[in-house]
Amino acid sequence: MVIVGKFVDVAQFIDTDVVVPKVARALGETLFMVTVSFFFAAIIGLVLAIFLFATRPGQLLHSRIAHTVLNIIVNTLRPIPFIILLIALTPLTRQLIGTSIGPSAAILPLTIAASVGIARVAESNLVAVDPGVVEAAKAVGAKPLHILFGFVVREAFGPLLLSLTFIFVALIDATAVAGAVGGGGLGNLALTYGYQRFDYGVMILIILVLIGLVQLVQLLGNRIARRFIDG
């Protein structure tokens, strides 16, 4: 009750006519960055995951060279902190988009960071599929690509959705980091309008919006995944 009371006290000092439109616009920028980067990252990451799985020793398209190269790519990019990746890609972002600030400029580093994250967690989901599924598919004469997409991916679809939900939530966190260096969105608003102006009411409002957004995404992801896992 004390915490709730403090939130109410803080809310009294928020100029809703000014702050709410700013938060709504920043939320729109955050959703734009997350959805666009997630769309491209899901395609790239899932393709990487499938080939990482398929080229493993003893798997359908086993190739030591291909598997090693893919592993090196993922393992090189994955440990780089997002803010360093964001800064390192600034020249490339400026050449491709024409600017290094704003929501559009954050999409490239967000996509790359999410792609390797999806690749690794999705590979783990595919590896966890019962080998008997592959053997049964081979027994009925299915071709490698049909086995991969028609059997392995289908069997792992529920866990894959949970992994994608996790990455989507992580992207929301990453947009806050991008906002701290001019990427726009809720992170940028929290820094420039909340922190630098010592407007902690705005800061708390943005935190509540982020919490609500993450809860909603996680709830939807869990419900959709459960249908495939239980079904």
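Which residues lie nearest the centre of the largest pocket? In this predicted model, select R78, A113, A114, G117 and A170, which lie nearest the centre and belong to a lining of 18 residues. The volume of this largest pocket is about 320 Å³. Next, colour α4 (82–88), α6 (103–127) and α9 (157–180), because each of these helices, taken as DSSP runs, supplies at least two residues of that lining. Sorted by class, the lining of the largest pocket consists of 16 nonpolar residues, one polar residue and one charged residue.

Move on to the second largest pocket, whose volume is about 230 Å³. To display its lining, select F38, L161, L164, T165, F168, L216, V217, L220, G221, I224 and A225. The elements that give two or more residues to this lining are α9 and α11, and α11 provides the largest share, with six residues. By class, nine residues of the lining of the second largest pocket are nonpolar and two are polar, while none is charged.

Within α11, highlight G201, V202, M203, I206, L213, V217, G221 and A225, which are buried. Of these buried residues, V217, G221 and A225 also line the second largest pocket. An α-helix has 3.6 residues a turn, so residues three or four places apart point the same way.

Technical notes:
Residues are numbered from 1 along each chain as its sequence is written. This is a predicted model: local features need pLDDT of at least 70, side-chain atom pairs count only at pLDDT 80 or more; totals for chains, interfaces and linings use all residues. Side-chain values use heavy atoms; hydrogens and water are left out. Buried means under 20% relative accessible area, exposed over 50%, partly exposed in between (1.4 Å probe, protein chains only). Helices (H or I, at least four residues) and strands (E, at least two) are DSSP runs, numbered from the N terminus. On a 1 Å grid over the protein atoms alone, a cavity is a set of points where a 1.4 Å probe fits but cannot get out, and a pocket is an open set with protein on both sides within 12 Å along at least five of seven lines; lining residues have an atom within 4 Å of a point. Grid points are joined across faces, edges and corners, and a volume is the space filled by probe spheres set on the points. Ala, Val, Leu, Ile, Met, Phe, Trp, Tyr, Cys and Pro count as nonpolar, Asp, Glu, Lys and Arg as charged, and the others, Gly among them, as polar.
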